Amino acid sequence: MDAEELITRYGVANAADDFDTLESLRHPEWQQTWPQTGETVPSSANYRAVRLGRPEGAPKVTGLRHGGSGDAWWSEMAIDYADGSRWLGITIYELRDGLIWRERLYFGQPFEAPAWRAPWVESGPNALG
């Protein structure tokens with residue numbers, strides 16, 4: 001499969017909590033890093049445990065779009081948690097041997113634009129819901 005199909009299938013599996021498919025699309029040395037907290041998930045088994053181990057339940061991930069070329073790809077997502085909060089995420093993928101080798105996931109909550117910028121920007125819908 002080509003890289004775009006790999007990223008598409010990975011996003012679909014992620015949204016469906018299909019951990020077996022996710023693992024099948026990952027390189028044996030796969031890791032996911034969260035730069036904001038300094039944590040690294042070192043294996044698919046640990047990823048499953050973290051995702052399912054949240055006291056309030058697993059978040060719902062909705063893929064928004066993706067792109068890239070060669071061995072460097074990215075995807076955007078909305079992440080909805082059981083507490084009602086919505087976070088936005090972007091994952092940067094590094095591919096190796098036709099599989100996902102490394103992921104870096106950055107995330108943050110959307111917020112209202114400050115009024116002081118209004119004269120210089122165009123406003124549109126944001127991801128608050």
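A: Begin with one residue and ask how covered it is. The cut-off for buried is under 20% relative accessible area. S44 has a relative accessible area of 15%, so S44 counts as buried. Keep in mind that this is a predicted model.

Q: Where is S44 found, and which residues does S44 touch beyond its sequence neighbours?

A: S44 is found in helix α3. Setting aside residues up to four places away in sequence, S44 touches E23, R26 and W30.

Q: Now the overall layout. How many helices and strands does the protein chain have?

A: Count the elements, then read their order. The protein chain has three helices and six strands. Along the sequence, the pattern runs α-α-β-β-α-β-β-β-β.

Q: What are the overall dimensions, and what share of the residues is buried?

A: Along the principal axes, the C-alpha atoms fill a box of roughly 50 × 35 × 25 Å. Of the 129 residues, 29% count as buried. The accessible surface of the chain comes to about 7,900 Å². Carbon and sulfur atoms account for 53% of that surface.

Q: Which residues is T91 in contact with, beyond four places in sequence?

A: The contacts of T91 are W73, W74, S75, M77, E103, R104 and L105.

Q: Next, the nonpolar core. Which members of the largest nonpolar core touch the most other members?

A: The largest nonpolar core has 21 residues, and Y10, Y93, L95 and I100 touch the most other members. Elements giving two or more residues to this core are α1, α2 (19–24), β1, β4, β5 and β6. Helix α1 gives the most, with five residues.

Q: Take L95 as an example. Which residues is L95 in contact with, neighbours within four places left aside?

A: L95 is in contact with A3, L6, I7, G70, D71, W73, I100 and W101. One of these, I100, is also among the core members that touch the most others.

Q: How do I find empty space in a model?

A: Rolling a probe the size of a water molecule over the atoms shows where empty space is left. Here, the largest pocket holds about 440 Å³ of space. It is lined by 22 residues, and the closest to its centre are Q32, W34, P59, Y81 and L105.

Q: Which elements each supply at least two residues of the lining of the largest pocket?

A: They are α1 (3–15), β1 (26–34), α3 (44–52), β4 (72–80), β5 (86–96) and β6 (99–108). By class, this lining has 13 nonpolar, four polar and five charged residues.

Q: How much space lies in the second largest pocket?

A: About 170 Å³. Its lining has 15 residues, and I7, G11, G63, S75 and E76 are the closest to its centre. Among the suppliers of at least two lining residues are α1, β3 (60–69) and β4. The largest share, six residues, comes from α1. The lining divides into seven nonpolar, six polar and two charged residues.

Q: Where do D17 and D97 lie?

A: D17 is found in the loop between α1 and α2. D97 lies in the loop between β5 and β6.

Q: Are D17 and D97 buried, partly exposed or exposed?

A: The cut-off for exposed is over 50%. D97 has a relative accessible area of 66%, so D97 is exposed. D17, with 29%, is partly exposed.

Conventions: Residues numbered from 1 in each chain as written. Predicted model: local features only at pLDDT ≥ 70, side-chain atom pairs only at ≥ 80, totals over all residues. Heavy atoms only, no water. 1 Å grid on protein atoms, 1.4 Å probe; cavity = no way out; pocket = protein on both sides within 12 Å on 5 of 7 lines; lining within 4 Å. Points joined across faces, edges and corners; volume = space filled by probe spheres on them. Helix = DSSP H or I, 4+ residues; strand = E, 2+ residues; numbered from the N terminus. Nonpolar A, V, L, I, M, F, W, Y, C, P; charged D, E, K, R; others polar. Core = buried A, V, L, I, M, F, W, Y, C linked by side-chain atoms within 4.5 Å. Buried < 20%, exposed > 50% of the residue type's maximum accessible area, 1.4 Å probe, protein only. Contact = heavy atoms within 4.5 Å. Areas by Shrake-Rupley, 256 points an atom, 1.4 Å probe, with all protein chains shown as cover.
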